[in-house]
Amino acid sequence: MFFGGRASFGLDIGSSYIKAVQLKEKRGGYELELFDMVHLPPELIVDGSIIDSIRLVEALRQLVKKARIKTKNVVIGIAGHASVIIRRISLPEMTEEELEESIRFEAEQYVPFDIEDVSVDFQILGPKEEPGQMDVMLVAVKKDIINEYVNVVKEAGLVPVAVDVNAFALSNMHEMNYEIEAGRNIALVNLGARTINLNVVKNGISVFTRDSSIGANSVTEALQKEFHLTYDNAEKLQRGEEVEGVSPEGAFGVMLAAYEEILTEITRSLEYFQTTTVHEETSRVILSGGGALLKDFPKELARKTGVEVSLAEPFRTISIPKRFDRTLLEETGPIAAVAVGLAMRRPDDR
Ligand SMILES: Nc1ncnc2c1ncn2[C@@H]1O[C@H](COP(=O)(O)OP(=O)(O)OP(=O)(O)O)[C@@H](O)[C@H]1O
Ligand SMILES: [Mg+2]
């Protein structure tokens with residue numbers, strides 16, 4: 001085989017957990033080769049920027065060792081409203097080659113940074129209703145943020161073969177695991193520690209994306225403040241463990257109050273999508289990220305948005321060898337959503 005033979009794994013470097021997923025192509029589908037993660041202390045990555053690269057490299061090395069990762073080739077994901085611009089734009093019909101030539105020029109008016117400072121990519125989505133026009137998904141990522149991540153990964157002894165955007169990793173994860181629901185808008189919401197990645201897909205195509213810098217960490221901080229806890233203990237409490245005499249039941253009210261800001265942000269983003277793009281309803285939210293595991297969060301999100309919410313199942317169609325703990329995979333599945341999407345990427349994909 002000439003194509004697809006190069007093994008690589010998906011590496012989702014979040015501010016709270018680094019996740020690694022490797023998939024093996026098998027009879028038209030995938031088999032799970034590896035899934036593992038390491039926890040990061042707070043403040044190593046802030047606003048998507050790497051603050052302490054030395055400790056991040058250490059954590060990466062630790063993960064490679066712990067997960068017994070054999071391949072060095074890795075696909076990484078980038079996110080963040082300050083570094084990633086994703087726009088659906090309308091252009092006169094032209095070939096991929098022609099657009100390749102002119103994309104930087106076209107991108108200039110949509111990118112609020114110097115065009116020299118960003119790496120630009122695109123995908124032609126198809127013709128528009130108006131004749132002679134076509135829809136294009138434009139992606140611009142700041143070069144310095146790509147370099148920060150690429151350098152850290154290289155320092156850890158790995159070889160970055162592709163850089164993706166978290167929002168698109170989510171839609172890949174979705175495409176692989178779910179049937180397309182014709183004509184419906186499905187909102188993929190990834191609630192991390194410090195970011196929300198939103199990607200609304202319709203007929204398998206991304207129609208709206210938005211990253212916000214708020215996340216489950218604000219719940220952790222609220223618990224820390226209320227009960228005078230260390231960050232680690234507040235996180236344990238948030239997961240349902242009793243700490244320093246504070247029971248999860250006793251902490252739930254504080255958690256619910258802290259959800260409000262996150263719920264408002266997601267609701268606002270969905271409303272923005274609705275009013276600016278299509279004037280169509282969102283049919284369903286598929287929730288992923290560690291924040292999806294917050295007690296009753298999916299229920300609260302459904303109440304607030306009035307939209308049905310389900311937890312992402314990134315391993316749904318992936319065959320799982322016996323050596324994995326199925327129950328654990330099901331429980332932690334939502335955390336792996338972005339990494340699974342990254343793991344599906346092949347270096348020659350667009
Ligand atoms: N079982 C759980 N119950 C409650 N909260 C959880 C649970 N597991 C993880 N979390 C929370 O989810 C967050 C981590 O999720 P995730 O790994 O998706 O974030 P991240 O990718 O590291 O962050 P970001 O992408 O925002 O930089 C943390 O705030 C953590 O406290
Ligand atoms: Mg994340």
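Guide: Two strands are said to pair if DSSP finds at least two bridges between them, where a strand is a DSSP run of E with at least two residues and a helix a run of H or I with at least four, both numbered from the N terminus. What follows concerns a predicted model, in which local features need pLDDT of at least 70 and side-chain atom pairs count only at pLDDT 80 or more, while totals for chains, interfaces and linings use all residues. Residues are numbered from 1 along each chain as its sequence is written, and chains are lettered from A and ligands numbered from 1 in the order in which they are written.

Visitor: How do you know that strand β12 and β13 pair, and in which sense?

Guide: There are 7 bridges between β12 (residues 196–202) and β13, in the antiparallel sense, and because at least two are required, the two strands count as paired. Within this pairing, Ile196 has Ser212 of β13 as its bridge partner.

Visitor: What makes β13 and β15 stand at the edges?

Guide: The open sheet has 5 strands in the order β13-β12-β11-β14-β15, with mixed pairing; β13 (205–212) and β15 (308–311) each have a single partner strand, so one side of each is left without a neighbour in the sheet. From one strand to the next the twist averages 20 degrees, with axes being lines fitted to C-alpha atoms, for helices over the stretch in contact (C-beta atoms, placed from the backbone, within 7 Å), and angles running from 0 to 180 degrees between N-to-C directions.

Visitor: Which helix lies across β14 and β15, and at what angle to β15?

Guide: Helix α8 (residues 297–305) lies across them and runs at about 160 degrees to β15.

Visitor: Why is strand β1 called largely enclosed?

Guide: A residue is buried if 20 or more other C-beta atoms, placed from the backbone, lie within 10 Å of its own, exposed if 12 or fewer, and partly exposed in between; 5 of the 5 residues of β1 (residues 9–13) are buried, so the strand is largely enclosed by the rest of the structure. Phe9, Leu11 and Ile13 point one way and Gly10 and Asp12 the other, all of them buried. On the pairing side, β1 is joined to the parallel strand β6 (residues 73–78) by 3 bridges, and to β2 (residues 17–26) in the antiparallel sense by 4.

Visitor: How do the residues of the shell around ligand 1 divide?

Guide: They comprise 6 nonpolar, 12 polar and 3 charged residues, where Ala, Val, Leu, Ile, Met, Phe, Trp, Tyr, Cys and Pro count as nonpolar, Asp, Glu, Lys and Arg as charged, and the others, Gly among them, as polar.

Key
Two residues are in contact if their C-beta atoms, placed from the backbone, lie within 7 Å.
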